Amino acid sequence: MSRYIVKRFIQLAAVLFGISFLTFLLTYLSPGDPARLMLMSTGVTPSDELVQQVRVQLGLDQPFWIRYGTWLGQVVTGDLGTSYKYDRPVLDILLSRLPATLRLTGSALLLVILISFPLGILSAVYRNNALDYVIRLFSFAGLSMPSFWLGMLLMLIFGVQLKLLPVMGSSGWNSLILPACTLALPLIAQYIRQIRTVILEEMSQNYVTGARARGVKERVIMMQHILPNILLPIVTLMGMSTGALLGGAAIVESLFVWPGVGQMAVDAIFTRDYPLIQGYVIWMATIYVVLNLIVDLWTHLHDPRIRLDVDV
Amino acid sequence: MNSRYGKTLTLTVLSLLVLCIIAACGQTKTSTSTSSSGEKAAEADKGSAGTPTHLNVALFWLGSNLDPAEEWNGWTLTRAAIGETLIQFDENMKLVPKIADSWDRIDDTTWHFHIRDGVTFHNGNKVTADAVKKSIERSMELNERGQSTLPVASMTAEGQDLTIKTTEPYASLLGNIAEPLFVIVDTNADTSQFKSEPIATGPFMVTGYTPDQEIQVKKYDGYWDGAADVDTITFKYIKDDSTRALALQSGEIDVASNVGRSSLALFQDQSQYTIDEIPSLRTQFVWFNTQNPLLSEPDVRRAISYGIDREMYANTLVGGQAAKGPFTSALPFGYDQVKGYDYEPETAKKLLDEAGYKDADGDGIREKDGQKLTLQLILNSAYESDSIVAAAMQSQLKGIGINLEMTSYEDLTDHQKSGNYDLALTSINTGITGDPQYILDFYFKTGAEWNIGGYSNPKLDAVIQQLHSEFDVEKRYELAAEAQQMILDDAAYMFITYTPINIVSKSSVQGATMYPIDFYLLDRNIQVGQ
Amino acid sequence: MREFKLILTQHRWFAFLFSLTILWVILAIVAPLLAPHDPLATNFAKVLQPASDEYPLGTDQLGRCVLSRLLYGARTSLLLTFMMIGIVFVLGVAIGVIAGFARGVTDTVLMRLSDTLMAFPGLIFAIAVVGMLGPGLFNTVIALAVVWWAKYARLARSLVISLQQKEYVAAAAFSGARKIQIITRTILPNMLSPLIVMAMMDVGGMMLSISGLSFLGLGAQLPEPEWGAMLNEGRRYLQTAPWLLIYPGLAIFCTVIIFNLLGDSLRDVLDPKKKAA
């Protein structure tokens with residue numbers, strides 16, 4: 001078991017290394033000069049000399065390997081570098097933006113759980129009924145909708161026409177509603193279907209038939225046997241979605257001007273803020289990989305029947 | 001067995017979630033409390049004497065921090081009326097005294113400024129010539145633009161008199177010292193705090209700052225020109241112009257700068273909102289790559305210049321004003337005297353015919369010697385008005401037989417410097433120093449760094465050279481007009497429109513002055529009335 | 001082919017969806033015939049007009065007909081999506097097959113690589129790649145493809161491995177067939193259906209990603225009509241000309257829903273377990 005854990009940790013490191021290298025390479029090959037972009041932010045064209053000065057200041061004139069090596073060395077000690085645009089440590093910026101993303105993500109996840117579980121269960125229990133079809137149609141719609149379009153529609157209806165909710169900013173609970181809903185909807189749609197499928201599968205198992213034959217009430221079967229059994233796969237799925245969510249659903253954050261980590265990342269790409277981009281990517285990757293590891297370990301720990309095929 | 005671990009698993013995950021939310025809430029409680037108090041105060045903005053007045057203003061740009069010596073951050077201070085420079089521009093682009101109440105030029109390289117008596121920093125310290133000198137030195141030291149903006153050889157301070165010696169005769173010194181990089185701050189205060197709390201001289205002082213989000217200020221009672229009428233202001237950074245408009249509509253903002261043209265129609269109700277729009281200092285600037293054989297003939301370039309309807313673009317599409325030369329009408333550089341290009345498609349067609357470009361094969365595109373008149377236009381994706389105008393140009397030029405293909409990039413520099421384009425369009429601020437010399441030197445002189453189209457006119461060079469030694473302001477303006485006419489006649493560049501800027505405010509807000517120059521937004525005159 | 005016809009006759013829902021899809025694709029192809037105006041034609045006198053007789057869905061900020069642009073945009077969107085599926089499918093399956101057969105170091109390396117790519121925040125990676133290659137629809141597709149193939153490679157690989165253990169494959173090997181023949185005659189055909197299902201279900205997702213990138217300003221170049229780009233342009237007119245937003249979004253929505261339904265139905269059709277139920 002411990003050998004397995006060690007193996008996974010080595011893999012984790014390898015993946016992180018690979019990702020950081022890839023990002024660094026990409027940004028290195030990317031056209032666009034962060035020094036120039038910085039200097040042009042007010043619309044005044046800088047002289048070449050000035051641009052060169054700033055480039056040297058930012059260390060952009062160094063060859064690729066030196067830059068990567070320096071950065072790697074810093075990361076290992078916990079220093080993610082300094083943002084070009086904000087002139088503050090990347091770690092600080094990431095941490096200051098994290099609460100906003102957490103609020104958004106947490107609320108969205110809460111919505112997902114509160115809505116998709118009941119609906120998914122209902123859909124399975126009343127399978128092939130009118131209710132089931134309605135729910136499935138709704139979930140299909142949710143899956144197929146471009147999230148930015150949905151966000152704008154919600155903005156239009158609730159923010160502008162009805163003037164019920166604020167359309168921007170992050171003050172108070174009001175401004176959380178629209179972005180959280182926009183973020184949650186596609187996930188709700190996905191989860192409803194997953195939950196329904198998994199429940200149906202469980203329901204076709206032998207022990208359920210047996211329980212029914214013994215006269216156990218349907219509701220008892222559901223609560224005491226089926227639901228606990230589906231928790232594992234669903235939670236696994238949730239774990240993976242959380243990873244993506246925490247990265248900050250970039251589009252939703254950009255649309256609602258939500259000062260979270262995703263918006264920061266998109267911005268950083270447009271301003272070629274390399275240290276910030278690197279920091280963000282490493283952060284995202286670490287979360288994803290660590291979450292995966294935790295979920296895998298937990299699964300293996302509690303149900304050794306599930307073969308943890310390391311390579312698959 | 002199964003249900004037990006399942007339950008524990010769920011419990012753990014749920015508790016983690018709850019913890020996250022609590023943590024996030026805990027973090028934001030502090031920021032919410034400030035903004036909610038701001039919102040409460042906003043309710044009271046129709047206050048009579050006694051109730052504090054508060055304003056919420058949307059900024060369209062925010063620098064990396066509040067230290068004016070770093071990068072472009074000084075611009076935020078001048079816009080938010082937190083900091084001032086020795087001299088500033090007024091709404092007519094004339095220089096007016098601020099911290100310096102008079103100045104004169106002793107000789108070609110020596111300038112003298114008298115520092116106004118009674119100016120104090122936000123911490124109460126008196127502003128002396130020495131304080132000014134130290135502040136300017138600090139800006140020069142900390143910012144790589146310092147020396148090139150203000151070529152100072154030496155400065156001497158005595159009481160309230162400051163003398164500056166430049167390294168060479170520098171006629172645009174006055175305009176350049178108004179650059180917000182040289183906002184005067186108290187170097188005796190704790191400068192390490194300047195990133196979040198600069199000590200300057202403006203009518204408002206900083207009380208709170210959240211990087212990249214908002215600045216809170218309160219009025220400075222010791223302001224030399226009398227304390228402002230508004231007690232507190234919150235400046236919120238809203239980057240997206242349609243979001244700014246939305247915020248103004250919902251009441252979250254009282255004053256919005258640069259509301260997108262597409263949203264202006266929403267604020268037409270004059271009982272609720274006031275719109276103030278003037279041409280700014282920004283021009284839509286097109287370089288022709290004269291190295292391209294198709295564009296080496298002035299007649300072809302003139303034809304293109306006649307082939308687009310600048311008036312219509314300004315009136316219907318992007319607002320602002322039809323452009324003549326590179327300097328906008330807000331600048332006193334002889335805009336009225338200069339003759340630009342009107343929309344004359346017939347003249348354009350004639351010019352093209354005479355140059356030998358005819359549409360022989362009937363596909364709508366002219367050609368000569370087998371080569372089609374197809375041109376590549378590159379533009380900057382940052383400016384929405386550029387995209388609209390480019391699309392409009394494309395369809396109008398098709399009408400006279402020219403095929404324009406467009407590609408937009410985030411950064412045009414590589415293409416521009418390597419000559420990999422035929423037309424390059426971007427929006428440029430051409431009046432930032434309040435003086436024509438810098439721009440003419442930078443873009444139009446033979447061999448200038450940004451003369452990437454390869455334009456060369458010795459007569460123009462001579463006029464530009466004259467500017468270097470002409471100190472009489474009126475004469476400078478005349479030379480500028482002359483230079484503009486030459487540039488236009490040669491049609492080596494094209495100027496499409498002058499970009500408008502606007503401030504939209506609730507009608508309860510008064511005293512908002514519109515400055516054509518980007519440095520300024522609010523000043524002490526801002527009021528929240530009944 | 002005969003099997004396909006069999007499927008169509010036995011599963012009416014699938015048949016219906018399939019014909020709907022074909023209809024949609026045909027509509028996209030003949031768009032130029034249906035469009036009332038040239039999608040690039042500007043009309044400065046009728047800027048930002050709501051729906052009218054002349055312009056059934058209104059005009060945009062340059063006076064261009066929204067309906068015409070939508071119709072032409074259909075071709076672009078569909079073409080790009082299919083192109084992307086093609087690339088991702090071929091690339092992913094090829095790599096997966098190689099990994100599955102070669103095993104050992106090649107396998108580990110390839111799988112680590114795909115792991116790495118899957119751990120990447122997909123959209124951000126795509127943005128970075130487009131930033132590198134320059135904006136443009138074609139580059140957007142490449143950027144997205146570079147990330148998506150990993151999914152297919154993994155599936156292909158695990159299919160290959162599990163199939164290799166089946167008896168008929170061993171039988172083929174015993175009867176002297178060459179490796180290539182084994183691959184093409186026995187393994188590939190049996191791999192196809194789960195892969196195809198995955199591809200069909202991804203069409204919707206890919207289309208959303210492409211328009212997502214265009215929405216952020218990276219995909220379509222002016223004045224190309226592409227649905228995501230139209231949404232981006234229309235965004236600032238949220239209040240003054242909401243039709244610029246509603247219709248392109250609706251178009252994306254409808255197309256994606258059809259493909260999702262189709263993929264879902266296909267999976268039901270091909271899934272042996274469901275056949276029993």
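Predicted model: local features only at pLDDT ≥ 70, side-chain atom pairs only at ≥ 80, totals over all residues.
Local features are reported only at pLDDT of at least 70, side-chain atom pairs count only at pLDDT 80 or more, and totals for chains, interfaces and linings use all residues. Residues are numbered from 1 along each chain as its sequence is written, while chains are lettered from A and ligands numbered from 1 in the order in which they are written.

Chain A contains 13 helices and zero strands. Helices here are DSSP runs of H or I with at least four residues, strands are runs of E with at least two, and both are numbered from the N terminus. The element order of chain A, read from the N terminus, is α-α-α-α-α-α-α-α-α-α-α-α-α. Of its 312 residues, 44% are buried. A residue is termed buried if 20 or more other C-beta atoms lie within 10 Å of its own, exposed if 12 or fewer do, and partly exposed in between, with C-beta atoms placed from the backbone. Contacts in chain A between residues at least 6 apart in sequence join residues at least 24 apart in 67% of cases. A contact requires C-beta atoms, placed from the backbone, within 7 Å.

Chain B has 15 helices and 21 strands. Its C-alpha trace spans about 85 × 75 × 50 Å along the principal axes. Buried residues account for 51% of its 530 residues. Of the chain B contacts with a separation of 6 or more, 68% involve residues 24 or more positions apart.

In chain A, Leu50 belongs to helix α3 (residues 48-58). A:Leu50 is partly exposed because it has 17 C-beta neighbours inside 10 Å. Beyond residues up to four places away in sequence, A:Leu50 touches A:Leu39 and, in chain B, B:Glu144, B:Arg145 and B:Ser148. A:Leu39 and A:Leu50 are 11 residues apart in sequence, with their C-alpha atoms 8.6 Å apart. Just after α9(A), A:Gly215 adopts a positive phi of about 95°.

An open sheet in chain B comprises four strands in the order β4-β5-β7-β6, with antiparallel pairing. Strands are paired if DSSP finds at least two bridges between them. β4 (100-107) and β6 (152-158) of chain B are the edge strands; each has a single partner, so one side of each lacks a neighbour in the sheet. The twist averages 20° from one strand to the next. Six bridges link β4(B) with the antiparallel strand β5 (residues 110-115) of chain B. Among the residues of this pair, B:Trp103 has B:Phe113 in β5(B) as its bridge partner. Helix α3 (residues 129-142) of chain B packs on the sheet, where it touches β5, β6 and β7 (161-166) of chain B, and its direction makes about 155° with that of β6(B). Such angles run from 0 to 180 degrees between N-to-C directions, using axes fitted to C-alpha atoms, for helices over the stretch in contact.

Strands β8 (residues 204-210) and β9 (residues 214-219) of chain B are also antiparallel, paired over six bridges. B:Met205 stands opposite B:Lys218 in β9(B). Three residues lie between the strands of this hairpin, and B:Asp212 there has a positive phi near 70°.

B:Glu71, not a glycine, has a positive phi near 45°. B:Glu71 sits in the loop between β1 (54-59) and α2 (74-79) of chain B and is buried, with 23 other C-beta atoms within 10 Å. B:Asn258, also not a glycine, has a positive phi of about 50°. B:Asn258 falls in the loop between β11 (255-257) and α7 (261-264) of chain B and is buried, with 22 other C-beta atoms within 10 Å.

Helices α14 (residues 458-469) and α15 (residues 473-490) of chain B have axes that come within 10 Å and cross at roughly 160°. α14(B) is therefore roughly antiparallel to α15(B), a term for angles over 145 degrees. The contact includes B:Leu460, B:Val463 and B:Leu467 of α14(B), and B:Leu479, B:Ala483 and B:Met486 of α15(B).

The largest nonpolar core has 297 residues. Such a core is a set of buried Ala, Val, Leu, Ile, Met, Phe, Trp, Tyr and Cys residues joined through C-beta atoms within 7 Å. A:Tyr280, B:Val132, B:Val286 and C:Leu144 have the most contacts inside the core.

Methods. Contact = placed C-beta atoms within 7 Å. Parallel < 35°, antiparallel > 145°, perpendicular 65-115°, else oblique.
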